[in-house]
Amino acid sequence: MAKSKTQFVCQSCGSVSPRWSGRCDSCGEWNTLVEERGESGVGAAPAARRMETGHAVELVALAGDAQEAPRIASGIAELDRVTGGGFVPGSALLVGGDPGIGKSTLLTQAAAALARGGHSVVYVSGEEAVAQVRLRAKRLAAVEENIGLAAETSVENILATLKAGEPPALLIIDSIQTLWTDTVESAPGSVTQVRASAQALIRYAKRHGTILVLVGHVTKDGQIAGPRVVEHMVDAVLYFEGEGGHHFRILRTVKNRFGPTDEIGVFEMSDGGLKEVENPSELFLGERNANAPGAAVFAGMEGTRPVLVEIQALVAPSSLATPRRAVVGWDSSRLAMVLAVLEAHCGVRLGQHDVYLNVAGGYRIMEPAADLAVSAALISSLAGVPLPVQSVYFGEISLSGATRPVSHAPARLKEAEKLGFGRAILPAGSMARNNGKTKAAAPSGLELVEISELADLAGRILARASPTPEAGV
Ligand code: TYD
Ligand code: MG
């Protein structure tokens, strides 16, 4: 009896299951299994074929020479920094981001920059009509000679078009979710379609030395929608992020086979497109009130991505029998613990005060590494002394009042330095812990203040309240 060709493919992780169920066994997501026809998907066997069609490949020594990947720099410094020094010919890049964040704008500008450098570019838009793309290019002053433009969603048509001419240096697909290919039967936008389309384009790029840039949509919780499988297929994954109501945009590397993954590029969205921000600290500090007590900058991490956020605290005498504690963006039981440690070990009395804690920008901190920054903000608000604007804080606090190093100290410091901060207050031993035996080098532009007891931090902040000159924190 012939086997049934119907299968269920998880739209989140791409795993294949013979039966429908409400929850994917592989990634645990709910309602992501969709019926698709044909033997495809992760774990599916290739179509039956006779065995003798393969041919021998030459095995080479692992110890052979390897050259640094040649690169084509775009000339947009913030973009080149994120890609690790420029695009690598034959590589595939995925640029993810929320709708309207500026992905098409960024790539139009990158296309124009490469075209100006004499490289040929093909821009395929699956979302917008030719006229719309032209209008945007005009607005960005990105109308260049050697950019070919097409509004197309069929992979076969795109490949046929490319094969008719010289392979371009840069191929931009905006976006991968709109593409579909005849080779698989499932609906456009499904994981199987997206994977097959990406595979065909990546194969073309590798064969012809073309730089392939795929645009991917991001869901609300920050995943590249559906085709997370594409993240594994490409050489680099960049995220384009921004906060609602702000003009700045951050381009972040999540994965890069040809460069570092802890770089960020900062842009500002203006009438004339994205402008590079050479000194991002101005942008971030510009929105802060340097003289306000109760604000501390926390050097945090989100997964492998460093994030700097401002933690704001307001401590005010309470008229209530049970003082109010309100927290936005952090764990309230964690705040209770920090308050208890401050009270027990540092002599900071908050029992008669209302405490409000807010993480700026609607951001939510999930890690305990914010303890030190929260403490600094609380003490600063209670004492009425602003913290120095150039300081960032991170580190965990134990119930004994000692500080504990947290992971990724070098990445946090690097981000702080990149954003223009000059001093970091961190637990003693942070640098030694993070690199095993050898001490990791701290970024040269950053002064490190290592603290082993929370009481030490409290003492330093309170010393600023008195007129005696004292080392800052
Ligand atoms: P876009 O690149 O279309 O976003 P995406 O491709 O990520 O969906 O950018 C959309 C937003 O950017 C839109 O709200 C308008 C704004 N924008 C500017 O502010 N200035 C500009 O020069 C351009 C082209 C867009
Ligand atoms: Mg777009």
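Because the model is predicted, local features need pLDDT of at least 70 and side-chain atom pairs count only at pLDDT 80 or more, while totals for chains, interfaces and linings use all residues. Residues are numbered from 1 along each chain as its sequence is written, chains are lettered from A and ligands numbered from 1 in the order in which they are written, and side-chain values use heavy atoms, with hydrogens and water left out.

Start at ligand 1. The shell around ligand 1 holds 16 residues. A residue is near the ligand if one of its heavy atoms lies within 4 Å of it. Gly100, Lys103, Ser104, Thr105 and Ser270 come nearest. By class, the shell divides into four nonpolar, seven polar and five charged residues. Here Ala, Val, Leu, Ile, Met, Phe, Trp, Tyr, Cys and Pro count as nonpolar, Asp, Glu, Lys and Arg as charged, and the others, Gly among them, as polar.

Backbone atoms supply several contacts. A polar contact is a pair of N or O atoms within 3.5 Å; within protein, one must be able to donate a hydrogen and the other to accept it, and residues adjacent in sequence count only if both atoms are side-chain atoms. A nitrogen atom of ligand 1 sits 2.7 Å from a polar backbone atom of Ser270. An oxygen atom of the ligand is 2.9 Å from a polar backbone atom of Asp271. For Gly273, a polar backbone atom is 2.8 Å from a ligand oxygen. On its own, ligand 1 has 560 Å² of accessible area, and the protein covers 74% of this. Such areas come from the Shrake-Rupley method with a 1.4 Å probe; for residues, only the protein chains shown count as cover.

Which elements give two or more residues to this shell? They are α2 (103–116), α3 (130–139) and β11 (264–270). Helices (H or I, at least four residues) and strands (E, at least two) are DSSP runs, numbered from the N terminus. The largest share, three residues, comes from α2.

Next, the helices. Helix α5 (191–208) has 18 residues, which should span 26 Å at 1.5 Å a residue; its end C-alpha atoms are 26 Å apart, which agrees. The expected span is 1.5 Å times one less than the number of residues. Of the 18 residues of α5, 13 are buried. Buried means under 20% relative accessible area, exposed over 50%, and partly exposed in between (1.4 Å probe, protein chains only). Gly209 follows α5, with a positive phi near 70°.

Helix α9 covers residues 371–383. Its 13 residues reach 18 Å from first C-alpha to last, close to the 18 Å expected. Eleven of the 13 are buried, so α9 is largely enclosed by the rest of the structure. The buried residues include Asp371, Leu372, Val374 and Ile379. Gly384 follows α9 and has a positive phi, near 75°.

Helix α12 takes in residues 454–465. Its twelve residues reach 17 Å, close to the 16 Å expected. Leu454, Leu457, Ala458, Ile461 and Ala463 are its buried residues. An α-helix has 3.6 residues a turn, so residues three or four places apart point the same way.

The loops hold some backbone features. A cis peptide bond joins Asp174 and Ser175, with omega about 5°. Ser175 lies in the loop between β7 (170–174) and α5. Asn31, in the loop between β2 (16–17) and β3 (33–37), has a positive phi near 55° in a residue other than glycine. Asn31 is exposed, at 62% relative accessible area. Ala141 is not a glycine either, yet its phi is positive, about 55°. Ala141 lies in the loop between α3 and β6 (147–151). With a relative accessible area of 56%, Ala141 is exposed.

Last, the cysteines. How many disulfides does a search of the whole structure find? The search finds zero, a disulfide being a pair of cysteine sulfur atoms within 2.5 Å. For Cys24, the nearest cysteine sulfur is that of Cys10, 3.7 Å away. Cys24 is buried, at 3% relative accessibility. Cys346 also counts as buried, at 16%.
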